[in-house]
Amino acid sequence: MADLDNTKLPDFLAFNKKYYAPNNAVLVVAGDIDPVKTKKLVEAYFGPIPKGPAIERVNIKEDPITQQIVDTAYDANIQVPAIVAAYRTIGMKERDAIVLDMASQILSGGASSRMYKKW
């Protein structure tokens with residue numbers, strides 16, 4: 001919060017101009033639409049907006065975890081203890097990510113999952 005509190009209006013405007021531009025946006029249109037008419041409307045409303053400056057994409061590559069990490073956290077607002085286990089897996093762009101997601105859904109994806117237990 002200290003960073004936001006110390007930020008001035010020109011900083012916010014520069015951020016907005018850089019990141020809120022058509023070349024860094026996705027437009028989703030859903031519903032029972034006429035594709036030809038919708039394309040015309042999109043072009044009419046969004047076509048005149050100029051492309052913003054090129055966005056530098058940051059590709060973060062983390063080093064592999066080579067040992068187990070165990071940590072304990074306490075929060076005065078949480079009254080029920082919990083155990084959280086997490087594993088770093090392959091990236092979502094990898095083919096095997098689909099297999100891992102399917103296994104996750106089967107094992108823990110809702111009331112019909114294999115690991116679901118009602119207390």
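1. Across the chain the pLDDT averages 88, and 97% of the residues score at least 70; this is a predicted model, and the points below should be read with that in mind. Within the chain, confidence is lowest in helix 1 (residues 2-5), with a mean of 88, and highest in helix 3, where the mean is 95.

2. Helix 3 covers residues 35-46, twelve residues in total, and the distance from its first C-alpha to its last is 16 Å, close to the 16 Å expected at 1.5 Å a residue. Of these twelve residues the number buried is one, so helix 3 lies largely in the open.

3. A nonpolar patch on the surface is formed by Leu27, Val29, Ile33, Leu41, Tyr45, Phe46 and Ile49, which together have about 680 Å² of accessible area. One of these residues, Val29, sits in the loop between helix 2 (9-19) and helix 3, and Val29 counts as partly exposed because its relative accessibility is 41%, a value between the 20% and 50% cut-offs.

4. Ile55 belongs to the loop between helix 3 and helix 4 (96-108). With a relative accessible area of 15%, Ile55 is buried, since the cut-off for that term is under 20%.

5. What does Ile55 touch, not counting residues up to four places away in sequence? Its contacts on that basis are Lys18, Tyr19, Asn23 and Asn24. Ile55 and Ala21, which are 34 residues apart in sequence, have their C-alpha atoms 9.7 Å apart in space.

Note on methods
Residues numbered from 1 in each chain as written. Predicted model: local features only at pLDDT ≥ 70, side-chain atom pairs only at ≥ 80, totals over all residues. Heavy atoms only, no water. Helix = DSSP H or I, 4+ residues; strand = E, 2+ residues; numbered from the N terminus. Expected span 1.5 Å × (residues − 1). Buried < 20%, exposed > 50% of the residue type's maximum accessible area, 1.4 Å probe, protein only. pLDDT = per-residue confidence, 0-100. Patch = residues over 30% accessible without salt bridge, like charges linked within 9 Å, V, L, I, M, F, W, Y side chains within 5 Å. Areas by Shrake-Rupley, 256 points an atom, 1.4 Å probe, with all protein chains shown as cover. Salt bridge = Lys/Arg side-chain N within 4 Å of Asp/Glu carboxyl O. Contact = heavy atoms within 4.5 Å.
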